[in-house]
Amino acid sequence: MDRGKIVLRNYGGFLIKAVSVENFRGIQKLAIPFGRVTVLVGPNNAGKSSFLQAIQFSVSISQSLELHSAAKPKLSTFAGSLSPDQLLYTPIRNVYSLAHGGVLTEDERRKIKVVFEFEGEKKFEVEAKKGRNKNIATSIAPKNAHHSLKALDPPFSIIAPGLAGIAAFEEFKSPGIVRRAAARGDANNVFRNILLILSEDSEKWEQFKHRLNLVFPDLSINVSFSKDSDEHIEVTTRRGWNELPIDSSGTGVLQTIQILAYIGVYSPKLLILDEPDSHLHPDNQRKLARLLNTLAKEENFQILISTHSSHFFDEFEDLEATTHWIGKEGIVEGEFERVDALMMLGAMDVKDRLRNGALKAVVITEDSELSLIKAVLESSGFMEGEYDVLSYKSSSKIDSAIILSQFIREHAPETKVIIHRDRDFVDNDVELFIQASKEHHFYGWVTEGSDIESYFIREDFVRSQLNAVEAESLSDCLKKSIETARTASIEKAVNSINNAENRRRNNEAGYHPKSTGQVSTMVYESYEADPVGQTYGKKTLAALKGHFHEIYKRSFSTAGGHQSLGDVGLRAFIEQL
């Protein structure tokens, strides 16, 4: 067994802890901690794509040195000189423009440098600068790093760039040529060849098709090619009775196929994906995110992703991936920035629809679960497709919602902005919110009850799900549900009002907050006077679902459409659009 295989095995068992990039394109210096899956989000020109490209560029230096037998061992490094044409991967044609500032020089202080840190305190360093005779002088340290990075099969890393489409025809190429093209990031020209290679292994092909169906359940794919008689590889997809050549498939389908094929054929230690969510429906984005997260764990590799999608980012957050918001100064820390990140990403998701004038309104809500919001909106008069909903996650982040409303107005002045917040028993907060809506030109939608769930416990809405005989027992069912939530309702009101009193004390000079005893007495008196109006909707709805099933032997529906579910103020606003 040669030394390279021994070293590759030793390093191959370690996960990357972090990668730092210096003096590469838009990056002066950027260090990113890694997890099993690492997701980078942020505005354009912040350096996300440059970071991905720098990693693949550094790996391709080792691969290129090996392909051209240009590596020479020194005391502690492998070094070599490559002409620009010999570099297997470069994101731009002019290699000398890859350095930060656009000029690669012989100056050690301005060299490109990529450092991989692994578990177990192991480290790889790859450097590049301008050499003699217009070549690129490269260095890889320590020596055994070259043995771990140089392989094309399987590669240490592979980059799957976004696809804008593929050619109508594709000639057969040898596996060696396909491997080098894939390592270059030349996805378009070898798309069918990679599928052909995969299809020749029946076990891997069935596995690939199963994975594809986890994202697109109704999609089948077929590869046809005879080395004896065919010049071009034929690949078709089928949905129902409709069979199409692969180049007629949607871009989102092509990108998903490419990613899963790369995993199946090349089994990289690091899979690099640049905006894999592009052109995918939000539901498919979330399915792909869950699948990638599962595959990375099951097959023991890492994934580095850049995205502009709030759906993709949010799904990976739920999956506990390592996520970073990248700004022009590097990684942005803090909860407020994270909320802003999700907000701005959400705006990007609907940007094209805004520009095309397809949306009458964008609704910005504090809730993360949107189905109830949408049910009330459509019961109040919105038609599906006329509006979109974005979440700002927390009522304490109303400033973020206002920032997003300004963003939307800038891109679509004709689209109305509705910002939703729950009433939460706090009249003073509601007054401030309505005042802010006038100052910042959005419609402030405050729930009529304590929260969005309160619409679903209205007697008329519940009655709409019952026949005449069943409705006779409705009053008792509602009373029982409200009584079940009594303690939670009083506690919620007391806590909400106490928090509001503390905010006023901090923000209003000379304000003397009510004591906890005063608040408790006030809440108790209000509840006794009007238990229906003062009930905590979330807890009451949960109790109602249980009692409804117990009494009527079926599930309670929260589907929209019934007029009694609508909001009076919201309905009047929608009628004016």
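Modeller: Contact here means heavy atoms within 4.5 Å. The model is predicted, so local features need pLDDT of at least 70, side-chain atom pairs count only at pLDDT 80 or more, and totals for chains, interfaces and linings use all residues. Residues are numbered from 1 along each chain as its sequence is written, and side-chain values use heavy atoms, with hydrogens and water left out.

Start with Ser454. It sits in the loop between β20 (443-446) and α15 (459-463). Helices (H or I, at least four residues) and strands (E, at least two) are DSSP runs, numbered from the N terminus. Is Ser454 buried or exposed? It is buried, at 11% relative accessible area. Buried means under 20%, exposed over 50%, and partly exposed in between, using a 1.4 Å probe and protein chains only. Leaving out residues up to four places away in sequence, Ser454 touches Gly449 and Gly537. Its side chain also reaches the backbone oxygen of Asp451, at 2.5 Å.

Now the salt bridges. Side chains of opposite charge can pair when their charged atoms come close. The rule asks for a side-chain nitrogen of Lys or Arg within 4 Å of a carboxyl oxygen of Asp or Glu. That gives 27 salt bridges. One of them joins Asp218 and Arg239, at 3.4 Å from N to O. This pair links distant parts of the chain, 21 residues apart. Asp218 is in the loop between α6 (202-215) and β10 (219-224), while Arg239 is in strand β11 (residues 234-239). Asp218 is partly exposed at 47%. Arg239 is also partly exposed, at 38%.

Another bridge pairs Glu528 with Arg486, with their closest N and O atoms 2.8 Å apart. Glu528 belongs to helix α19 (residues 516-529) and Arg486 to helix α18 (residues 486-507), so this bridge ties together parts 42 residues apart in sequence. Glu528 is partly exposed at 40%, and Arg486 is partly exposed at 21%. Arg504 bridges to Glu508 at 3.1 Å between the closest N and O atoms. Glu508 is partly exposed, at 30%. Elsewhere, Glu108, Lys111, Glu127 and Lys129 form a network of salt bridges.

A cavity is a set of points on a 1 Å grid over the protein atoms alone, where a 1.4 Å probe fits but cannot get out; lining residues have an atom within 4 Å of a point. Grid points are joined across faces, edges and corners, and a volume is the space filled by probe spheres set on the points. The whole structure holds four cavities of 30 Å³ or more.

α7 (251-266) and α5 (191-199) each supply at least two lining residues, and α7 gives the most, with four. The lining has eight nonpolar residues, one polar and no charged. Ala, Val, Leu, Ile, Met, Phe, Trp, Tyr, Cys and Pro count as nonpolar, Asp, Glu, Lys and Arg as charged, and the others, Gly among them, as polar.

The second largest cavity also comes to about 50 Å³. Among its lining residues are Gln56, Ser157, Arg179 and Tyr266. α4 gives the most here, with three residues. This lining counts six nonpolar, three polar and one charged.

Definitions and conventions:
1 Å grid on protein atoms, 1.4 Å probe; cavity = no way out; pocket = protein on both sides within 12 Å on 5 of 7 lines; lining within 4 Å. Polar contact = N/O pair within 3.5 Å; in protein donor to acceptor, adjacent residues only side chain to side chain.
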